[in-house]
Amino acid sequence: MDKQKTQLIKKFHALLGKAGLGNDEKYSLLSGYGVESSKDLTVYELTELCAKIDKMANPEVAEADKLRKRLIAAISSYRQAMGGVAPSIEEIKGIACRAACMQQFNRIPNDRLRSLYAAFTKMRRDLENVQEMTRERLKEITSLN
C-alpha cells in the first residue's frame, strides 16, 4: 500500500472518530462504494469519502464551500455580463482575492464571501439594467430618424 493511501486511511478513521460515527455508520459509508474495508478503496475514493465526513463533522466547512461556489458563480456572471467570455477559475479566484484583500481564496472569511457575493451580484444587475436602458434609448433614437 502506498504512503498516500495509508495516510488517507488514517485520516478516514480519525475523521470517523471526530464525527462520532461508529462501526455501523462506517460500514454504511463503505458499502456505498461496494467495499467492506477502507483498504479496498482507491486513493480518489478515500479522498472523496474523507471530504464527505469532514463536511458532516464540520458544518462550517460545508458552509464555506457553498459560499465560495456562490462567489465564483457571481464573479463569472458579472464578467460575462461585461461582454466577455467565461473567465477561468484562476482569474475568478484572483478577482475574489483582490476584492477581499487576501492572498489565498480559501482563506477568505465567510462574512467577506457573503458581502462579495452580494456586491458582484448587484454590480451584474446594475450593468444589465444600464445595458437594457441603453438598448431602449438606441431604439428610440433610431425610430425617430
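With a relative accessibility of 4%, Leu16 counts as buried (buried means under 20% relative accessible area, exposed over 50% and partly exposed in between, with a 1.4 Å probe and protein chains only). The model is a predicted one, in which local features need pLDDT of at least 70, side-chain atom pairs count only at pLDDT 80 or more, and totals for chains, interfaces and linings use all residues. Residues are numbered from 1 along each chain as its sequence is written, and side-chain values use heavy atoms, with hydrogens and water left out.

Leaving aside neighbours within four places in sequence, Leu16 is in contact with Leu21, Lys26, Leu29 and Ile53, where contact means heavy atoms within 4.5 Å.

Helix 1 itself covers residues 3-19, and at 1.5 Å a residue its 17 residues should span 24 Å, which agrees with the 24 Å between its end C-alpha atoms (the expected span is 1.5 Å times one less than the number of residues). Besides Leu16, the buried residues of this helix are Lys5, Leu8, Ile9, Phe12 and Leu15. Seen down the helix axis, the buried residues fall within an arc of 130°, so they line one face of helix 1; the arc is that of the directions from the axis to the C-beta atoms. That buried set packs against helix 2 (23-31) and helix 3. Turned away from the buried side is a face with the exposed residues Lys3, Lys10, Gly17 and Lys18. After helix 1 comes Gly20, with a positive phi near 75°.

Next comes a pair of helices. The axes of helix 3 (residues 43-57) and helix 4 (residues 59-81) come within 5 Å and cross at roughly 110°. Helix 3 and helix 4 are therefore roughly perpendicular to each other, a term for angles of 65 to 115 degrees. Helix 3 contributes Asp54, Lys55, Met56 and Ala57 to the contact, and helix 4 contributes Pro59, Val61, Ala62 and Asp65.

A last stop is Cys101, in the loop between helix 5 (89-100) and helix 6 (110-144). Although not a glycine, Cys101 has a positive phi of about 55°. At 68% relative accessibility, Cys101 counts as exposed.

Methods. Axes are lines fitted to C-alpha atoms, for helices over the stretch in contact, and angles run from 0 to 180 degrees between N-to-C directions. Helices (H or I, at least four residues) and strands (E, at least two) are DSSP runs, numbered from the N terminus. Angles under 35 degrees count as roughly parallel, over 145 as roughly antiparallel, 65 to 115 as roughly perpendicular and the rest as oblique.
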